[in-house]
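Please open the model in a viewer and keep the selection tool ready.

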Amino acid sequence: MDGLKTVLAAISIITGLYFLLVVMRAYLLCFSAFRYRKKLLKQGTNEELLARKPFVSILIPTYNEENVVDRILRACTSLRYENYEVVVIDDSTDLTVEILRKWAKHPRVKVIHRDHREGWKGGALDEGLKHLDPRSEFVLVFDADFIPPEDIIERLLRRFLHDRIAAVQGYHLPILNAAENWVTRAARTILTWSYALEYPGRATLNGAPQLGGSVMMIRRDVLKRVGGFGTSITEDYDLSLRLYIHGYEVFYDEDVKVPCECPSSFRHFLRQTCRWIEGRVRGLRKHLCALLRSKSLSLVRKLDILLDGLSNLTAPMAVLWFTCDIISMALGMRLPSWLDLLNAPWPVHLAYTLLMLACLPVATMLALKREGEKRTARWIACFLLAMGAATLFYFRAYLKGALTESSYFYRTFKTGRILRLEESLGQPSVLRGGVKAPREGLLSLPMFGAWQKFFSYHSWFL
């Protein structure tokens, strides 16, 4: 019994210290995120590059996207930048094939159809690289459910401030169907945590923000140098690590916001988030030695990548902590915490408990507030419910990433529903078939003039 109690006490102390580290990092990111705006303004823009108007290739990988493929292509063929092309790499087996056959007649659009899904999304993107215009210098990637504004290329190009910036990552704004149900609310909150809090916080601390898989522009020559997109189920994370290992940087611009969808069922939500965890764990395990040995990667960035990787342990640690507590209660044991080892008085224990319990609600509230959400209680409740329900699934995903070498890329189903675009940005709702007059704000860019085209079904070829 004494041996069991010692083991349980050790687990309790280790998990307690782990969660303390995660919580303190979250509070630090909250503080740093609110300082990012000032840093972003100081960094300036590269107007010389923009004046040169380099050729840009937009890559759109698609797999059974019949609900949204028309929308993304209407958006991408209506950009005001002149020197660009749109390359669609399609693995579809549904009506998407027929829709793209019509789009292939457009002078800006190339459609490449694969009869397999080899390499998943990364494999499709690497196939697209083989078909780029020879003049292409930058590659811009969009998932099919995004609606980019018409000045997206100019805004991303301006952030390539020097040659070591290999990629610029924009903000995923998951608002199109965010209020549909509790799952979409939870999914929106997770992405808002990442793009409104974690990414800017890490960038402020000179850390290593990663690529997000969409709204990312990358230098073509650098892509070739680091081996392309690769075949990981999280090709964006894998590419990010390879860029940092080679001494490059990823610039995060929170001002470049592009609306997108959230998974609308718990099954799709689970598949997407479990894929993220599994792929990130496998990717970090694969590149860890190279990251630690890299002489071109600063100590701060190495530490940032390691701490970010430790966040994937949250579900396993939560399961260990909960199991340990259940066993100790069943046996009538009282397990010491790390504060007990320091003989801390009860007010310290109380303050520590409050600090830990407040972390998730406070951090998610601040992230939502940064995105402009006025009422956050429902969003936070849905987020906490989803995290609790998904914990065991995330534990399994972590083990798969840590112990296996490959997996299946589950595609997240897109509904094409648009419930609201204003989402605290002071903008009008946009519905199929029409657009209300825009008000002032971020999304009242010239893209509103083109949205009437996007949601009309009278395209140039119909």
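How many aromatic pairs does the structure hold? The structure holds 13 aromatic pairs, where rings of Phe, Tyr and Trp (its six-membered ring) pair if their centres lie within 6.5 Å, and planes under 30 degrees apart count as stacked, over 60 as edge-to-face and the rest as tilted.

This is a predicted model, in which local features need pLDDT of at least 70 and side-chain atom pairs count only at pLDDT 80 or more, while totals for chains, interfaces and linings use all residues. Residues are numbered from 1 along each chain as its sequence is written, and side-chain values use heavy atoms, with hydrogens and water left out.

**First stop: an aromatic pair**

Select F266 and F269, which form a stacked pair, 5.9 Å centre to centre with 25° between the planes. Both residues lie in helix 11 (residues 266–293), three residues apart, about one turn of the helix; helices (H or I, at least four residues) and strands (E, at least two) are DSSP runs, numbered from the N terminus. F269 counts as buried because its relative accessibility is 1%, whereas F266 is partly exposed at 23%. Here buried means under 20% relative accessible area, exposed over 50%, and partly exposed in between (1.4 Å probe, protein chains only).

**Second stop: a tyrosine cluster**

Next, select Y36, Y171, Y195, Y199 and Y252, which ring pairs link into a cluster.

The structure holds 36 salt bridges, each a side-chain nitrogen of Lys or Arg within 4 Å of a carboxyl oxygen of Asp or Glu. Select E65 and R411, whose closest N and O atoms are 3.0 Å apart. E65 lies in the loop between strand 1 (55–62) and helix 4 (69–76), and R411 in the loop between helix 16 (377–403) and strand 8 (430–431), so the pair ties together parts 346 residues apart in sequence. Both E65 and R411 are buried.

Then select E85 and K110, a salt bridge with its closest N and O atoms 3.1 Å apart. This pair links E85 in strand 2 (residues 84–90) with K110 in strand 3 (residues 109–113), 25 residues apart. Is E85 buried or exposed? At 5% relative accessibility, E85 counts as buried, while K110 is partly exposed at 30%.

**Last stop: a neighbouring loop residue**

Finally, select D133, in the loop between helix 6 (120–129) and strand 4 (136–141). Not counting residues up to four places away in sequence, D133 touches F55, S57, E85, K110 and R220, where contact means heavy atoms within 4.5 Å. D133 is buried, with a relative accessible area of 14%.
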